[in-house]
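Welcome! Below are a few exercises with worked solutions, meant to be followed with the structure open beside you. Take them one step at a time.

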Amino acid sequence: MMRKDEAVQSLSDRDLSDGGKPREACGVFGVYAPGKAVGHLCYLGIFALQHRGQESAGIATSDGQHLTVIRDMGLVSSVFDDRALAALDGQMGIGHTRYSTTGSSAWKNAQPVFRDVSHTQFALAHNGNLTNTAELATQTSMLPGMASSDTDVMAELLSDHLHQNPRCVGHELEGALAAVLPKLRGAFSLVLTDSHSVIGVRDPNGFRPLCLGRLDGGWVLASESPALDIVGAAFVRELDPGEMVVIDRDGVRSLRPFPEDRIDPKLCVFEFVYFARPDSQLYGQSVHAARVRMGEQLADQAPVEADLVMGVPDSGIPAAEGYSRKSGIPFGQGLVKNRYIGRTFIAPSQELREMAVRMKLNPLRENIAGRRLVVVDDSIVRGTTTRAMVKMLREAGAAEVHMRISSPPYRWPCFYGMDTGTRSELLAANMDVGEIKEYLGVDSLSYLPLDRLIAATGAPSAGFCSACLTGDYPVSIPVELRSSVLEEPAAVGDVGQLEGMSS
Ligand code: SF4
């Protein structure tokens with residue numbers, strides 16, 4: 001059995017590399033635009049989606065005969081230069097930025113993945129996590145242990161279908177998708193390309209976003225709408241959960257490859273809270289405006305007398321604006337963020353861990369000293385960074401620190417494409433709110449309840465996944481998958497919730 005202090009001690013040093021937030025799985029982009037520089041358009045598109053994954057980047061383009069794929073580890077700007085982009089010509093293409101949630105962080109798992117089978121070449125890029133990868137792997141021609149990621153297994157299933165149906169001429173990839181997609185479980189927003197089309201797919205729950213845009217002389221698919229803006233495309237609409245869109249020389253066709261009874265919209269609520277760019281549109285709502293409303297709800301639900309409202313940069317700032325507007329307490333900057341920092345080192349000592357936090361955030365003393373602060377953040381996942389930040393504010397002279405979080409306690413791991421670590425790494429899975437307040441060293445602490453969070457999105461009846469807040473998983477999680485990340489906290493005393501989990 002793990003004691004609570006041991007559980008807290010085990011909170012990962014990864015906390016320092018990302019401000020203690022869960023990491024997004026990927027961003028995808030696709031463009032069909034004959035006569036345009038599609039490689040450059042893909043570059044701009046995935047550049048706008050860089051926040052969704054920083055481990056690797058890749059682009060695949062098709063000239064109607066052959067696919068060219070360039071992918072490598074690193075940021076979009078370091079993977080591609082003018083020479084690489086010059087090689088990426090054609091009429092259509094797809095792009096990808098990756099953060100690994102299944103498969104290792106290695107070149108072999110960079111996307112798009114590419115296959116050449118039975119006179120059909122195709123490339124595939126994936127945002128999300130399949131939950132039945134192990135089961136699917138047994139259905140492919142791969143030898144046991146050969147699959148390096150869920151995307152790899154997906155590509156293999158498509159290849160097997162193409163191999164077994166070589167005479168399915170004209171819409172080979174479409175046919176393979178119609179056969180394979182219903183077998184997939186979990187979260188998957190996909191873009192694919194072959195010699196004549198670009199295809200977008202959203203899983204039946206629509207866990208991850210995917211939208212369609214109109215370009216002068218073409219069409220664009222993207223994880224988030226700002227990637228349309230950056231290439232000059234007009235937003236058309238979000239793809240429906242369970243929709244497949246095929247773009248070719250005849251225009252855009254919408255297909256429904258999944259059984260009707262599997263369609264159940266469950267967009268990840270953390271896309272609204274933290275993951276998506278503030279200038280994105282989700283469920284027809286502005287993400288920035290939703291985050292401001294979350295702050296207003298927080299002020300309504302958890303008022304406090306204070307001198308200054310400040311947000312934790314960058315993602316806590318819109319909710320801090322909302323808290324300030326609703327409460328009438330002035331809004332100001334209390335922390336300065338180093339904008340040029342990438343991943344930080346794994347610090348071996350507490351002193352070095354605190355320095356690593358200071359590399360990212362430094363207090364603005366003249367705004368803090370002697371003041372009662374309301375500090376607004378969007379979430380606390382592991383808590384190490386938040387605790388170090390509170391200590392910094394105290395050392396800078398803050399008279400009081402009142403922490404307000406614009407989402408409920410994060411208690412359960414995500415199986416649908418976010419890396420949150422195991423349950424033992426989640427602060428709120430190991431402590432109640434009073435204990436967290438003590439651990440962080442704040443004068444008061446309040447989280448936004450789920451009903452207020454959903455109301456603040458502006459689309460309360462649209463359908464959301466909130467499994468990491470409730471333990472209610474909309475798509476069942478195979479025993480071997482959940483036991484790998486759930487076992488330790490159960491020993492701390494949450495067995496009842498485990499039993500309540502859908503499976
Ligand atoms: S479990 Fe949480 S992070 Fe994962 S998809 Fe659901 S709401 Fe999003």
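## Getting oriented

In the protein chain, 74% of the contacts with a separation of 6 or more are between residues 24 or more positions apart, where two residues are in contact if their C-beta atoms, placed from the backbone, lie within 7 Å. This is a predicted model, in which local features need pLDDT of at least 70 and side-chain atom pairs count only at pLDDT 80 or more, while totals for chains, interfaces and linings use all residues. Residues are numbered from 1 along each chain as its sequence is written.

**Exercise 1.** Find how many helices and strands the protein chain has, and what share of its residues count as buried.

*Solution.* Start with the elements: the protein chain has 20 helices and 23 strands. Helices (H or I, at least four residues) and strands (E, at least two) are DSSP runs, numbered from the N terminus. Next, burial: 54% of the 503 residues count as buried. A residue is buried if 20 or more other C-beta atoms lie within 10 Å of its own, exposed if 12 or fewer, and partly exposed in between, with C-beta atoms placed from the backbone.

**Exercise 2.** Describe how helix H10 (residues 287-301) and helix H11 (residues 317-327) cross.

*Solution.* Two packed helices are described by the angle between their axes and the distance between the axes. Here the axes of H10 and H11 come within 6 Å and cross at roughly 45°. Therefore H10 is oblique to H11. Axes are lines fitted to C-alpha atoms, for helices over the stretch in contact, and angles run from 0 to 180 degrees between N-to-C directions. Angles under 35 degrees count as roughly parallel, over 145 as roughly antiparallel, 65 to 115 as roughly perpendicular and the rest as oblique.

Then look at who touches whom. Residues making the contact include Arg291, Met294 and Leu298 of H10 and Pro318, Tyr323 and Arg325 of H11. By class, the residues of this contact of H10 with H11 divide into 8 nonpolar, 4 polar and 7 charged. Ala, Val, Leu, Ile, Met, Phe, Trp, Tyr, Cys and Pro count as nonpolar, Asp, Glu, Lys and Arg as charged, and the others, Gly among them, as polar.

Finally, check the cover on H11: 8 of its 11 residues are buried. The buried residues of H11 pack against H10, strand S17 (308-311), strand S20 (372-377) and strand S21 (400-405). After H11 comes glycine 328, with a positive phi near 80°.

**Exercise 3.** Which residues surround the ligand?

*Solution.* Go through the shell: Phe207, Cys268, Val269, Phe270, Cys414, Tyr416, Met418, Cys465, Ser466, Ala467 and Cys468 surround the ligand, each with its C-beta atom, placed from the backbone, within 6 Å of it. Helix H9 (269-275) and helix H18 (467-470) are the elements that give two or more residues to this shell. Sorting the shell by class gives 10 nonpolar, 1 polar and no charged residues.

**Exercise 4.** Examine the backbone at proline 112, aspartate 314 and tyrosine 283.

*Solution.* As background, most residues other than glycine have a negative phi, and most peptide bonds are trans. The peptide bond from glutamine 111 to proline 112 is cis, with omega near 5°. Proline 112 sits in the loop between strand S4 (92-98) and strand S5 (113-117). From proline 313 to aspartate 314 the peptide bond is cis, with omega near -10°. Tyrosine 283, although not a glycine, has a positive phi of about 50°. Tyrosine 283 counts as buried because it has 21 C-beta neighbours inside 10 Å.
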